[in-house]
Amino acid sequence: MAPIAIDTPSTTTAPAKSSLEDITALKAALKSAQGADIVLPPDNTLRRYQKAGIDLSGGYPYFPPKPEYVQEVGKIREDLREYKDPGLRADKEKKALFGAAKEVRDLTKWIGTEIVGLQLKDLSDQQKDELALLVSERSIVFFRDQDISPQGQQELGIYLGDGEIERHPQAAQVPGVGGGITLIWEQGRKDKIFNGRSHRVPYGGGQFGWHTDLVHEAYPPGYTHLHQDTVPEVGGDTLWASGYAAYDKLSPAFKKIVDGLNGVYRSAHSYKDENDPEGNKKFVERTHPLVRTHPVTGWKALWINQAMTARIEGFDKPESDAILNYLYNVYERSTDIQVRWHWTPGTSAIWDNRTTIHTVSYDYDGERHGTRVSSLAEKPYYDPNSKSRAEDLQLKGWVNTPDVPARY
């Protein structure tokens, strides 16, 4: 099928038009080429893709060939990886990043910062390094009104990933860009788990709830960049919680229990077992520390999530469940260590997948479309000589506090 012509901007011509007429004509051409029942992204997305020269004539979204066996998926990116976090190169005062911004404001005391007046596509390498440091410290940084193409998002992700981004073996993706730009778009899912959503069921029914991405990987993502080009006017917020602060909420004695323990983490999808193709499908499983040390800050963070932490290694299931359920309770219910973000079209969020859990609020109608790039990082590790954030910074109200007689 011949590509559908898309006007793209150049340095010598006027920017591509993005009027209603242009989008209507593009949609008509795509439907004529592929059939009236073609599923197309929202108009805001089409305008963004039109400007970026993304060709949708081969269909949308793109699905890579799905691996069939759990053994195949388990071997993806298993090779030894050397990763140097760009935050390690950054100026601690972040003068290049902060000096160019109109405003930098913390959204809560312990997690979340918004930067106003900067375009991610225009950041220098020094500013990118300082952004990595800021995300490492604050866990998530937001930028509204971003004019960034999927290709620009991919380029930034490769930089933050020290040359490598996660290229998902089966998730819906932007076509024609080499992989690694996955979609947050219910209408583009093959599994249709969002059909028939019940607002009466916790997390909307059938969704992950609080989770951390791709914990079954040998080298899970560090920085994750989600750009939302289409969002509902009401609802659809995303919430993040701080693993630094969740760890610091534990008593000194309880920290000694979980420090150094390993968890078994599973994939979101299940696959056939090549040794038993007719048997039940299996998840990819990987062992990582329950408490991990961040390579940039040196701080300890609780690294569990209820959706994909299967068990604690070496513990009987009742013992493992007792510890994990307590940790989930602290992490998920402590509103003082969480940030809730209401999206507007063109907003980017870059968060640290090593120090957070996140979930969406399923209280919306209409479409929610975004593109996500996940930068692969180091193999999770625990350094027994590392400190918690509160201990390192001697935060008032966190260290040398009396025992808590009743938490709730």
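Salt bridges, defined as a side-chain nitrogen of Lys or Arg within 4 Å of a carboxyl oxygen of Asp or Glu, number 28 by this rule. The structure is a predicted model, in which local features need pLDDT of at least 70 and side-chain atom pairs count only at pLDDT 80 or more, while totals for chains, interfaces and linings use all residues. Residues are numbered from 1 along each chain as its sequence is written, and side-chain values use heavy atoms, with hydrogens and water left out.

One of the salt bridges joins the side chains of K94 and E137, with an N to O distance of 2.9 Å. This pair connects distant parts of the chain, 43 residues apart: K94 lies in the loop between helix 3 (70–74) and helix 4 (95–100), and E137 in helix 5 (residues 125–138). Helices are DSSP runs (H or I, at least four residues) numbered from the N terminus. K94 is buried, at 6% relative accessibility, whereas E137 is partly exposed at 23%. Here buried means under 20% relative accessible area, exposed over 50%, and partly exposed in between (1.4 Å probe, protein chains only).

Helix 5, which holds E137, has 14 residues and reaches 20 Å from its first C-alpha to its last. This is close to the expected 20 Å, the expected span being 1.5 Å times one less than the number of residues. Eleven of the 14 residues are buried, so helix 5 is largely enclosed by the rest of the structure. Among the buried residues are K128, L131, L134 and R138. Just after helix 5, S139 adopts a positive phi of about 75°.

A second salt bridge pairs D273 with K282 at 2.8 Å, N to O. D273 is buried, with a relative accessible area of 7%, and K282 is partly exposed at 40%.

Helix 2 (residues 43–52) and helix 6 (residues 150–160) have axes that come within 9 Å and cross at roughly 75°. Axes are lines fitted to C-alpha atoms over the stretch in contact, and angles run from 0 to 180 degrees between N-to-C directions. Helix 2 is therefore roughly perpendicular to helix 6, a term that covers angles of 65 to 115 degrees. The contact (heavy atoms within 4.5 Å) is made by R48, Y49 and A52 of helix 2 and by P150, Q151 and Q153 of helix 6.

Methods
Helices (H or I, at least four residues) and strands (E, at least two) are DSSP runs, numbered from the N terminus. Angles under 35 degrees count as roughly parallel, over 145 as roughly antiparallel, 65 to 115 as roughly perpendicular and the rest as oblique.
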